[in-house]
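Subject: Structure for your review

Dear colleague,

I am passing on the structure we spoke of, followed by notes on what was found in it. Please read the notes with the structure open beside them.

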Amino acid sequence: MTTVSALLRAPLRASRATPFARMLAVAAFGGAVGAWAPAAHAQAQAQAQGQAQGQAQGQAQAQAQAQSSVDARSPVGLWRNIDDETKKPKALVRITERDGVYYGRIEKILTEKTDGVCELCTDERKDQPMQGMQIIDGMRASSDEPGLYEGGRILDPNNGKVYRSRMRVIDGGEHLEVRGFIGAPLFGRTQTWVRER
């Protein structure tokens, strides 16, 4: 390929040639520079596009990391309810958020009693199917501790009792400590639920 420096020397050599030769040299020089300029412009555009794409990817990764950090402290999602006495899974509970308040509903019974009803409930849930029943309500995020949710209530469908409750997301969002208590949190029971993926 003819280099630009060689083409720059061409008009100087052409000054010692015939008029016709000089015309050919100047035309060749102009054509080569005309072909070189768009190529340089295209290369600059490609570099600019590559830089823009790299910046966009970096921003997307930063946003994803920030969102992942927030999600790791959120109880929203599906959880495997583990009985604190038998250590066996009892149900899948779906936790949702609405206007800053968190609710939990039994999505699927994992024991043989899939058609069980809450015989001992004393409110509108009495004799209603446990599957699909809301058992957590009123939870709000703590203003003091990220990952802690408190001020709510939880129903134990096995005995029909409603307890004050708090939840804490732990282990990077993989587990949820759910504590039910009467009076102070010190007096109660804690279950550790496992996030379903």
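How many salt bridges does the structure hold? The structure holds nine salt bridges, a salt bridge being a side-chain nitrogen of Lys or Arg within 4 Å of a carboxyl oxygen of Asp or Glu.

Before the details, please note that this is a predicted model, in which local features need pLDDT of at least 70 and side-chain atom pairs count only at pLDDT 80 or more, while totals for chains, interfaces and linings use all residues. Residues are numbered from 1 along each chain as its sequence is written, and side-chain values use heavy atoms, with hydrogens and water left out.

The barrel

The strands S1-S2-S3-S4-S5-S6-S7-S8 form, in that order, a closed barrel of eight strands with antiparallel pairing, and the twist from one strand to the next averages 30 degrees.

Strand S5 and strand S6 (residues 161–170) pair in the antiparallel sense over seven bridges, with Lys161 in S6 as the bridge partner of Asp156. Four residues lie between the strands of this S5 and S6 hairpin, where Gly160 takes a positive phi near 75 degrees.

On to the next pairing, S6 and strand S7 (residues 175–181) run antiparallel and are joined by seven bridges. Val169 stands opposite Leu176 in S7, and Met167 stands opposite Val178 in S7. The hairpin of S6 and S7 has four residues between the strands, and Asp171 takes a positive phi near 55 degrees there.

Salt bridges

Glu196 forms a salt bridge with Arg80, their closest N and O atoms being 2.8 Å apart. Because Glu196 lies in the segment after strand S8 (188–195) and Arg80 in strand S1 (residues 77–82), the pair ties together parts that are 116 residues apart in sequence. Glu196 is partly exposed, with a relative accessible area of 25%, and Arg80 is partly exposed as well, at 27%; here buried means under 20% relative accessible area, exposed over 50%, and partly exposed in between (1.4 Å probe, protein chains only).

Arg153 forms a salt bridge with Asp137, with 3.3 Å between the closest N and O atoms. This pair ties together parts that are 16 residues apart in sequence, because Arg153 lies in strand S5 and Asp137 in strand S4 (residues 134–141). Arg153 is partly exposed, with a relative accessible area of 44%, whereas Asp137 is buried, with a relative accessible area of 15%.

A further salt bridge is formed by Arg168 with Glu145, whose closest N and O atoms are 2.9 Å apart. The pair links distant parts of the chain, with Arg168 in strand S6 and Glu145 in the loop between S4 and S5, 23 residues apart. Arg168 is partly exposed, at a relative accessible area of 28%, and Glu145 is partly exposed, at 31%. Glu145, Arg168 and Glu177 are linked in a network of salt bridges.

Aromatic rings

The structure holds one aromatic pair. The rings of Tyr102 and Tyr149 have their centres 4.9 Å apart and their planes at 70 degrees, so the pair is edge-to-face. By the rule applied, rings of Phe, Tyr and Trp (its six-membered ring) pair if their centres lie within 6.5 Å, and planes under 30 degrees apart count as stacked, over 60 as edge-to-face and the rest as tilted. Tyr102 lies in strand S3 (residues 101–109) and Tyr149 in strand S5 (residues 148–156), so the pair ties together parts that are 47 residues apart in sequence. Tyr102 is buried, with a relative accessible area of 12%, and Tyr149 is buried, with a relative accessible area of 6%.

The charged end of Arg98 sits over the ring of Tyr103, 4.4 Å from its centre, which is judged by NZ of Lys or CZ of Arg being within 6 Å of the ring centre and within 35 degrees of the ring normal.

The disulfide

A disulfide joins Cys118 to Cys121, with an S to S distance of 1.9 Å, where the rule asks for a pair of cysteine sulfur atoms within 2.5 Å; the count comes to one disulfide. The link of Cys118 and Cys121 is right-handed, with 80 degrees about the S-S bond, and both Cys118 and Cys121 are buried.

Note on methods
Helices (H or I, at least four residues) and strands (E, at least two) are DSSP runs, numbered from the N terminus. Two strands pair if DSSP finds at least two bridges between them. Axes are lines fitted to C-alpha atoms, for helices over the stretch in contact, and angles run from 0 to 180 degrees between N-to-C directions.
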